[in-house]
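User: I would like to learn how to read a protein fold. Can we go through one together, step by step?

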Amino acid sequence: MPYGSRLAATMTRRLGRECVYTPSARLALYLALRRWCRPGGRVLMSPVNDDVILFVVLAAGLRPVQAPVSPWDGNIDPAAVPESTWRGVDAVLTTSLYGMPDRIVELRDRCEQLGIPLIEDAAHAIGTHVDGQPIGTFGKAAAFSLSKHVAGMAGGFLAVEDARARRELELLRDDLLTPARLTADLSTALRPLARSTVRALRLVRPTWRTMQRLGLLERDDFRMSLHAPRLSLCAHEAPSLLPYDPWIRVDLHDYRARHGRLVRAGLNLRMNMLDENLSRRREGVTLLSGTPWASPALNDRAAHHGPLPLFRVPLLVEDRDALVERLVTHGIVSGYIYDPPLDDYAGPEFTDPSPDPTAARWFASHVLPADPLLARRVTKALTKERTKTAHPPTPAPAKPIPDATPPAPLGQ
């Protein structure tokens, strides 16, 4: 029986697509890029994205191409991508940042016209639907993360169109997995419990400050150190994960370690609680969408289609960086901030810059990703801090009416 087949079968029933279980979403994404993109190809992506994803693209032997984005959600703005860029890319990688869906129908149609693959990074969007269809079922493949919505701290899936692709990818995955280790399995299994205990005992602030003082955080800022000279040398060995491992493993050292039964059993239990988790997230999104800091894109979705079960809610605030520090005193650690945009972070040596970086820079520097499960605490803290709403300094493009529809219950 293939590794992780029980978990994969559960996800297959929910999505209606063949699924491959992986130790992480970053490994799933690497598998997809290797399967559908030839080395040397160019991949269009949003610059408001995790830096790990940039390194996964580079490890696959591909050239990242940064796209213009919407100032309201940080996702690719298809209409703003120049025709010359469209003609020069070999694949498109979506983000659905924080669970806010990309303009996925437009991107799918454009990819079909160009005859190039659409690959979905659905790590933030396991419960998001567009036109009644789950995110993760529009492209050739989609990478999902169990460390997000179900707080598994590990585990992922690659969803694909057919059984033949699934079998091919299972073989490729097995070649890349490192052996299971009991100590690593115990650590992975206990991390979610430790995190929930810290929150329950209201120890977030002292725990976070202690980790900062002891140098236990792998990122000094929102981005990890680039180490450009060393990164340049890796290009000669791509496509390969090994030379890029120092970057790809950040915050998840066992991203390609084979999980034992203990970890997989825990993830199975958490998958059974996914629908409850999604329902709680919708409630939190409803509360946060009514605050003055909510992104206009969020309000449009709430007005037209009801709340989505977002991983994080994009709030737009002034003095974001200082606010992030002050929120720690309220027991709120703000993660998943992707600032500066990837083209500013990596430079032209490692990525093609966006033809219009203005919206990405503004959004990345003002967005505060709020956990909808902590909606009341976040709202109270922001009110107490007298947080000001951020507005673009110049007229932004017209707010799009999203094509999302109220999601049907997963599995139906």
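This is a predicted model: local features need pLDDT of at least 70, side-chain atom pairs count only at pLDDT 80 or more; totals for chains, interfaces and linings use all residues.

User: What percentage of the residues in the chain is buried?
Analyst: The chain has 412 residues. A residue is buried when its relative accessible area is under 20%. The buried share is 57%.

User: What share of the contacts with a separation of 6 or more comes from residues 24 or more positions apart?
Analyst: Take the contacts in the chain with a separation of 6 or more. Then pick out those between residues 24 or more positions apart. Their share is 75%.

User: Which elements do the buried residues of H5 pack against?
Analyst: Helix H5 covers residues 104-114. Its buried residues include Ile-104, Val-105, Leu-107, Arg-110 and Cys-111. An α-helix has 3.6 residues a turn, so residues three or four places apart point the same way. The buried residues of H5 pack against helix H4 (83-88) and strands E4 (91-94), E5 (118-121) and E6 (129-130).

User: Which residue just after H5 takes a positive phi?
Analyst: Look just past the end of H5. The phi there is about 70 degrees. The residue is Gly-115.

User: Are H2 and H6 parallel or oblique to each other?
Analyst: H2 spans residues 25-36 and H6 spans residues 163-176. Their axes come within 10 Å and cross at roughly 120 degrees. Roughly perpendicular runs from 65 to 115 degrees, and roughly antiparallel starts over 145. The two helices are therefore oblique.

User: Are H1 and H11 roughly parallel or roughly perpendicular to each other?
Analyst: H1 (residues 5-15) and H11 (residues 261-272) have axes 10 Å apart. The angle is about 20 degrees. Angles under 35 degrees count as roughly parallel. H1 and H11 are therefore roughly parallel.

User: Is the crossing of H1 and H11 left-handed or right-handed?
Analyst: H2 passes H6 in a right-handed crossing. The crossing of H1 and H11 is left-handed.

User: How do the residues of the contact of H1 with H11 divide?
Analyst: From H1 come Arg-6, Leu-7, Thr-10, Met-11 and Arg-14. From H11 come Arg-264, Leu-267, Asn-268 and Met-271. They divide into four nonpolar, two polar and three charged.

User: Is Asn-268 buried or exposed?
Analyst: Asn-268 is found in helix H11. Leaving out residues up to four places away in sequence, Asn-268 touches Arg-6, Leu-7 and Thr-10. Its relative accessibility is 10%, so Asn-268 counts as buried.

User: How far apart are the C-alpha atoms of Ala-257 and Thr-22?
Analyst: Ala-257 lies in the loop between helix H10 (245-248) and H11. At 9% relative accessibility, Ala-257 counts as buried. Ala-257 and Thr-22 are 235 residues apart along the chain. Their C-alpha atoms are separated by 9.0 Å.

Note on methods:
Residues are numbered from 1 along each chain as its sequence is written. Side-chain values use heavy atoms; hydrogens and water are left out. Buried means under 20% relative accessible area, exposed over 50%, partly exposed in between (1.4 Å probe, protein chains only). Contact means heavy atoms within 4.5 Å. Helices (H or I, at least four residues) and strands (E, at least two) are DSSP runs, numbered from the N terminus. Axes are lines fitted to C-alpha atoms, for helices over the stretch in contact, and angles run from 0 to 180 degrees between N-to-C directions. A crossing is left-handed if the near helix is turned anticlockwise from the far one by less than a right angle, and right-handed if clockwise. Ala, Val, Leu, Ile, Met, Phe, Trp, Tyr, Cys and Pro count as nonpolar, Asp, Glu, Lys and Arg as charged, and the others, Gly among them, as polar.
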